[in-house]
Amino acid sequence: MSLSPDDQMPPVKPKITPEERRQRDADRLQTIRLRMLVGQALHDRCITSPAAIAAAIGMPVAEAIKLMTGKQWRAGDVALLEAAAARLRLVVPSPGGRGSQASPSSRERAP
């Protein structure tokens with residue numbers, strides 16, 4: 001018994017709108033920037049072990065490492081990274097602020 005051509009076709013993935021694509025791209029770029037910012041702050045503070053990283057950003061170890069080393073974009077990563085940056089008392093640059101490099105001393109807020 002053979003399947004008809006219609007039965008052999010894989011289901012069609014829904015297309016995302018151009019606006020959704022732009023938002024996803026912006027989120028992906030912001031995720032990269034935040035990962036770099038948080039990672040550099042952890043490095044500057046000599047926080048390198050998975051347990052110490054998790055404690056510093058207030059997450060379970062597995063989730064913290066997945067967030068900091070993730071290669072695939074996931075919805076919600078921007079919010080989690082912004083929360084981690086806030087917990088580390090970092091100033092998060094605005095997404096549109098291109099070309100401005102923050103000096104290491106200006107990245108952290110004064111206590």
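Here is a guided walk through this predicted model, from its confidence to its core and its surface. Residues are numbered from 1 along each chain as its sequence is written, and side-chain values use heavy atoms, with hydrogens and water left out. Because the model is predicted, local features need pLDDT of at least 70 and side-chain atom pairs count only at pLDDT 80 or more, while totals for chains, interfaces and linings use all residues.

The score is pLDDT, the predictor's confidence in each residue, from 0 to 100. The protein chain averages 81, and 78% of the residues score at least 70. Helices here are DSSP runs (H or I, at least four residues), numbered from the N terminus. Confidence is highest in α3, at a mean of 93, and lowest in α6, at 46. Over residues 99-111 pLDDT stays under 50, and the model has 16 contacts (heavy atoms within 4.5 Å) beyond four places in sequence for this stretch.

Now for the interior. A nonpolar core is a set of buried Ala, Val, Leu, Ile, Met, Phe, Trp, Tyr and Cys residues joined through side-chain atoms within 4.5 Å, where buried means under 20% relative accessible area, exposed over 50%, and partly exposed in between (1.4 Å probe, protein chains only). The largest such core has 20 residues, and those touching the most other members are Val38, Leu42, Ile53, Ile57, Met68, Leu88 and Leu90. Helices α2, α3, α4 (61-69) and α5 each supply at least two residues of this core, with α2 giving the largest share, five residues. Val38 shows how such a residue connects: leaving aside residues up to four places away in sequence, Val38 touches Ile57, Met68, Leu81, Ala84, Ala85, Leu88 and Leu90.

Leu29, Ile32 and Met36 form a nonpolar surface patch with about 300 Å² of accessible area together. Patches are made of residues with over 30% relative accessible area and no salt bridge, with like charges joined within 9 Å and nonpolar side chains (Val, Leu, Ile, Met, Phe, Trp, Tyr) within 5 Å; the areas come from the Shrake-Rupley method with a 1.4 Å probe, and for residues only the protein chains shown count as cover. Ile32 is found in helix α2 and is partly exposed, at 45% relative accessible area.

Charged pairs come next. The structure holds five salt bridges, each a side-chain nitrogen of Lys or Arg within 4 Å of a carboxyl oxygen of Asp or Glu. Arg21, Asp25 and Arg28 are linked in a network of them. Asp25 meets Arg21 at 3.9 Å, N to O, and Arg28 at 2.8 Å between the closest N and O atoms. Asp25 and Arg21 are four residues apart in helix α2, so about one helical turn separates them; Asp25 and Arg28, also both in α2, are three residues apart, about one turn of the helix. Elsewhere, Arg74 pairs with Asp77 at 3.7 Å; Arg74 is partly exposed at 26% relative accessible area, whereas Asp77 is buried at 3%.

Finally, a look at the backbone. Most residues other than glycine have a negative phi. Cys46, in the loop between α2 (18-44) and α3, has a positive phi near 60° and is exposed at 65% relative accessibility. Arg89, in the loop between α5 (77-87) and α6 (104-107), has a positive phi of about 60° and is partly exposed at 42%.
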